[in-house]
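Reader: I am new to this structure. Please take a close look at the nonpolar core and at what surrounds it.

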Amino acid sequence: MRLIIHHETIVVSGKVQGVFFRASAKEQADQLALKGNVRNLADGRVYIEAEGTAESLIAFRGWCVEGPPGALVNSVEFQRGELSNYDSFTIIR
């Protein structure tokens, strides 16, 4: 059976910088076998590209809504996209 892989772009707003959001997102992505990347945006939001199974992405979305301890998530935008076939999940500094 072949797994179907999906790509999502996720933008998280609120108090999401300076609270280890990127490092925590990578930890969650690795646990869920997701590939992609996470980076801070100049306007204070966090931008994530994630690829994986539908089940893993659903679990990751749930985590993004809460974020790590210390984060205060105001909103999360999810959008499906084209696969980039990432090899791993990385933090972009």
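Author: From the N terminus on, the elements of the protein chain follow the order β-α-β-β-α-β-β, where helices (H or I, at least four residues) and strands (E, at least two) are DSSP runs numbered from the N terminus. The radius of gyration, taken over C-alpha atoms, is 12 Å, close to the 12 Å that the globule rule gives for 93 residues, so the protein chain is as compact as a globular protein of that length. That rule is 2.2 Å times the number of residues to the power 0.38.

This is a predicted model, in which local features need pLDDT of at least 70 and side-chain atom pairs count only at pLDDT 80 or more, while totals for chains, interfaces and linings use all residues. Residues are numbered from 1 along each chain as its sequence is written, and side-chain values use heavy atoms, with hydrogens and water left out.

Of the 93 residues, 41% count as buried; buried means under 20% relative accessible area, exposed over 50%, and partly exposed in between (1.4 Å probe, protein chains only). A nonpolar core is a set of buried Ala, Val, Leu, Ile, Met, Phe, Trp, Tyr and Cys residues joined through side-chain atoms within 4.5 Å. The largest such core has 20 residues, and those that touch the most other members are Ile10, Val12, Phe21, Val46, Ile48, Phe60 and Cys64. At least two residues of this core come from each of strand 1, helix 1 (21-31), strand 3 (46-52), helix 2 (54-66) and strand 4. Helix 2 gives the most, with four residues.

Phe21 shows how these parts meet. Leaving out residues up to four places away in sequence, Phe21 touches Val12, Val16, Val46, Ile48, Trp63, Cys64, Gly67, Pro68, Ala71 and Val73; contact means heavy atoms within 4.5 Å. In the protein chain as a whole, 78% of the contacts with a separation of 6 or more are between residues 24 or more positions apart.

Charged pairs come next. The whole structure holds four salt bridges, each a side-chain nitrogen of Lys or Arg within 4 Å of a carboxyl oxygen of Asp or Glu. One of them joins Glu8 and Arg80, whose closest N and O atoms are 3.5 Å apart. Glu8 lies in strand 1 and Arg80 in strand 4, so this pair ties together parts that are 72 residues apart in sequence. Glu8 counts as buried because its relative accessibility is 2%.

Another salt bridge pairs Lys26 with Asp30, at 2.8 Å between the closest N and O atoms. Both residues lie in helix 1, four residues apart, about one turn of the helix. Lys26 is partly exposed, with a relative accessible area of 26%, and Asp30 is partly exposed at 43%. Asp43 and Arg45 also meet through their side chains in a salt bridge (2.8 Å, N to O); Arg45 is partly exposed, at 27%. Salt bridges that share partners join Glu8, Arg61 and Arg80 into one network.

Asp87 lies in the loop between strand 4 (72-81) and strand 5 (89-92), and counts as exposed at 73% relative accessibility.
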